[in-house]
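Take a look at the sequence and the model first.

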Amino acid sequence: MNPYIEILRPGNVIMAMIAIILVAIVAHSISIPIILAMLAVFFEISAGNVINDYFDYKIDLINKPERPIPSGRIGLKTARNYAYILFLCGTICGFLISYLTNNWIPFIIVLCADIILYIYAYKLKSTPLIGNLTVGFMTGLCFAFGGFSIGTPQMIYTSIFLGFFAFVMTTAREITKDIEDIEGDKAEGAKTFPILYGTKISAIITFILIILDCVLCPLLYFQHIFSILYLIIISIAVILFIYAGILLIRNQNTETASKVSKYLKIGMLIAFVSFAIGSF
Ligand SMILES: CC(C)=CCC/C(C)=C/CC/C(C)=C/CC/C(C)=C/COC[C@H](O)COP(=O)(O)O
Ligand SMILES: CC(C)=CCC/C(C)=C/CC/C(C)=C/CC/C(C)=C/COP(=O)(O)OP(=O)(O)O
Ligand SMILES: [Mg+2]
């Protein structure tokens with residue numbers, strides 16, 4: 001793959017854009033602001049990923065040497081400039097949404113995203129738990145951003161509700177990723193939660209977060225946000241989430257953590273399908 005596309009982490013970018021599409025599907029509305037919101041998320045998360053790889057260059061030499069910067073396919077300075085251009089494009093999209101809707105909240109959210117994504121990559125990543133909560137929060141914010149770009153009180157409420165589930169599950173996955181990356185993070189002197197408090201307690205926290213999401217997710221049906229079809233499809237995701245959580249409680253080696261991280265992502269994709277089909 002072209003390294004300039006690879007460094008954006010297209011899979012995650014597409015998932016985040018789907019989150020905005022889902023908000024549009026739930027609202028049964030497609031408009032210029034929602035298309036701009038998709039573009040803003042595309043640029044912001046891409047920028048976040050590039051700046052993350054820029055600051056994590058040394059850690060990734062150990063954990064992920066095949067990535068574009070440590071493998072030498074993109075220069076360090078080029079990556080930094082690339083991230084700045086992506087941040088600028090995202091900010092312009094945020095400004096346009098606010099200008100067109102006469103509502104400045106989307107623009108403020110994008111400005112906050114610029115600052116948080118930069119600070120996360122620069123410093124927060126190695127701040128135990130706060131770093132994980134930040135990525136979770138940003139991912140949840142993606143849904144809320146879609147809701148605020150539509151602007152109706154009902155959609156703002158619904159999108160924050162959806163964002164809560166994304167926040168909890170993404171935080172669980174981020175802790176799992178820290179368990180997976182423990183070797184390289186240790187070598188670089190990062191103080192992630194598993195390094196400081198151990199992998200067992202990290203796995204227990206991950207499990208609690210997974211169960212929290214799984215127990216609360218029927219609320220999206222009982223609050224009349226989604227139809228019964230949602231409940232049927234989300235059950236498949238719930239089984240996978242719980243299975244992944246149990247695997248991690250049993251074993252916290254790198255291989256298992258990597259598998260669990262993958263399963264959680266697949267569960268998220270199934271949740272996306274349940275949101276889309278449950279909207280009709
Ligand atoms: C029970 C229930 C209703 C769960 C639903 C959870 C849900 C809707 C999750 C969706 C999360 C979401 C919007 C993900 C988009 C992709 C994304 C931005 C993920 C965050 O990625 C950061 C990560 O560290 C990147 O790492 P990697 O994937 O290993 O490259
Ligand atoms: C609401 C708006 C406008 C944008 C939201 C943008 C989103 C969805 C951000 C969520 C995810 C995020 C914070 C991505 C960028 C940073 C990133 C790649 C974090 C994970 O990095 P590491 O913790 O270093 O893990 P890796 O080992 O995968 O590099
Ligand atoms: Mg990184």
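Where does UniProt place the feature "transmembrane region"? The unreviewed entry puts it at residues 12-43, 81-98, 104-122, 129-148, 154-172, 201-222, 228-248 and 260-278. These positions follow the numbering used here, feature names are shortened, and annotations may be inferred rather than shown by experiment.

This is a predicted model: local features need pLDDT of at least 70, side-chain atom pairs count only at pLDDT 80 or more, and totals for chains, interfaces and linings use all residues. Residues are numbered from 1 along each chain as its sequence is written, while chains are lettered from A and ligands numbered from 1 in the order in which they are written.

**Two annotated spans**
- Residues 81-98 are 100% helix and 0% strand, with end C-alpha atoms 26 Å apart.

**Around ligand 1**
- The shell holds 21 residues (C-beta atom, placed from the backbone, within 6 Å).
- Met 15, Ala 166, Met 169, Cys 217 and Ala 271 come nearest.
- Helix 2 (10-27), helix 7, helix 8 (153-180), helix 11 (199-216) and helix 14 (254-278) each give two or more residues.
- Helix 8 gives the most, with 6 residues.

**Around ligand 2**
- 23 residues surround ligand 2, and the closest are Glu 44, Gly 48, Met 138, Cys 142 and Phe 145.
- Helix 3 (32-55), helix 6 (105-122) and helix 7 (130-150) each supply at least two shell residues.
- Helix 3 provides the largest share, 7 residues.

Definitions and conventions:
Helix = DSSP H or I, 4+ residues; strand = E, 2+ residues; numbered from the N terminus.
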